Amino acid sequence: MSEPGNALRRVFAAEENSAAALGEESLGRHAGVAGRMFHTPVLATREMLAPGIADFAKALTDGINVYRTMYFVSVLKIDMVYVAAILTLIGIWDVLNDPISGIAYDRSRTRWGKSRLFLLAAPLPKYLATTLLYFAGVFFPNSDTADPRKIIYVFVMLLIENTFNALYRPARNNFLNLMTPNPKDRINVGLVMRYANILGTRIVFIFVLPIADLNAHGVTDISLASVFAVLAVVAGAAGMAGSMALAFGARERVLLQPKPADTRKALFYMLKNKYAMRNFAAGFATAWYGTGGYSWDVVTQMEIMGGVIPSFFSNLPYDLVNIASVVFVPLAMRHFGDDKRKGMIFFTVLDIVRSGIQCLCGILLIHKPLWFCVTFAVFWAVNAADNSPSSVIEAEMGREIADYTEYMTGERPDGTQGLLPGLVMKVMAPLNALFTVAVFRWSGYNPLIPMGPYSQNNFAVYQKAYFLYVFADCLPKLVSFIPLLLYDLVGEKREKMYLALNERRAMVAARTGEEVQFLGRDARQCVSQ
């Protein structure tokens, strides 16, 4: 009988055919190409732009989805209880749908690569369902909060959207990992994606808030239902264009083992990734948590600040600094070097402190719109200053964690890697929905009252709304701070991991006779030697 310690080591230790298990004699066979894979950028400009186009489409969709609950409750006029029930049922469906989609992606091996089939097949139904979802306000222009037609329509569109999104998401999110093994390449593409994200998000914000404010003041009578429908059409078209740009404008260079790992093993490969396990534990600890699901930013800007004009000037410093923050990325990379842990710890602490002070100032000045707007502008600009550095560093840290799984297992279970955390979160969805409804009711906010300056006629309601907007998300940040303290994939340890990982990739290419596309002819010659 094996001892418990030996059993644990087998569970958490590296797989026999992984890069982590390679001996010293094996590691030197392709040292030249392995080193150049890690140190030499290989992406052409066209390839660097393709993920940016896809991220622009994602930003448009995410920007619209920021207002999704507001759309359901205030525009489509569905009771918040029904909205929570719909989202819970969708969460239950995802428990079944996500594993099937993730396994299908991980087992995909085609002559065109791992991801292209999904990038071509899944986006059309996904974005079509998203577009039709935001046409519900046009199709059902009534105020019946319990209209079964609206409820069923929203449920069906969300069901279709989530079904095909589960197929599309792994291919899109992990494509950059397969495009290049070079960290500098990935960070540069991250900058392009950051620019695209800013542009896509601001396009949505520019339209929704001003039109809502002009309607409230009687200047215009443009239906918000029509605004959402038009934005959804634009987002859907951009989503298809972004998918085609990825599918035909970029290629996969990272070669995978020809035969994927057994699904039963791959489902539990997260157990061999201590970094992923820590993040999972942090996420599980806050899976029940929510901020009420409503668009508290809209409430802040339209009702506390007083409308689109004061909101515009209050957010202008943020918008300018947010765009300029991209120039801080090289500075942050030089300052923190390869130790992304220090960078993320610094940015997380800064964000929590800033959020706390901003929230306190806003609550105390809730009855003084001018001073409220001034303090908001100052603190929101401070918040924007680290947006690009923190997002680029965090994204690359996530890619390193995914690469660590391949290092420990020899496989890239990107589709199934997040299933265990995802399934746990879905199981917790009913509790999260109940908490969300409770928080929404705690706020005291009545979404049926037309938006206008202090239209709720209750300062306490706005203090709670502002708290939910600015500071409530700090609890998950505090919990996720713990894995950051334990992250040690830095410096020499990180470089050794990548050299071993690239060595194994070159060995796979040499065994299978596949073309090594990392660095062109020089790489093929190196592998053949």
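Reader: How much space lies in the second largest pocket?
Author: This is a predicted model; local features need pLDDT of at least 70, side-chain atom pairs 80 or more, while totals for chains, interfaces and linings use all residues. Numbering runs from 1 along each chain, and side-chain values use heavy atoms, without hydrogens or water. A pocket is an open set of points on a 1 Å grid, with protein on both sides within 12 Å along at least five of seven lines. The second largest pocket holds about 510 Å³.

Reader: Which residues lie closest to the centre of that second largest pocket?
Author: Its lining (residues with an atom within 4 Å of a point) counts 24 residues. By class, 17 are nonpolar, 6 polar and 1 charged. Closest to the centre are Ser74, Val75, Lys77, Leu224 and Pro450.

Reader: What is the volume of the largest cavity?
Author: A cavity is a set of points where a 1.4 Å probe fits but cannot get out. The whole structure has 1 cavity of 30 Å³ or more. Its lining includes Asp106, Arg107 and Glu411. The volume is about 50 Å³.

Reader: What classes of residue line the largest cavity?
Author: Ile103, Pro260 and Thr263 are among the lining residues. By class, the lining has 4 nonpolar, 2 polar and 3 charged residues.

Reader: Which residues touch the most other members of the largest nonpolar core?
Author: Such a core joins buried residues (under 20% relative accessible area, 1.4 Å probe) through side-chain atoms within 4.5 Å. The largest has 89 residues. Tyrosine 294 has contacts (heavy atoms within 4.5 Å) that include Phe440 and Met451. The residues touching the most other members are Tyr67, Tyr294 and Trp296.

How values were computed: Buried < 20%, exposed > 50% of the residue type's maximum accessible area, 1.4 Å probe, protein only. Points joined across faces, edges and corners; volume = space filled by probe spheres on them. Nonpolar A, V, L, I, M, F, W, Y, C, P; charged D, E, K, R; others polar. Lists of a residue's contacts leave out its neighbours within four places in sequence.
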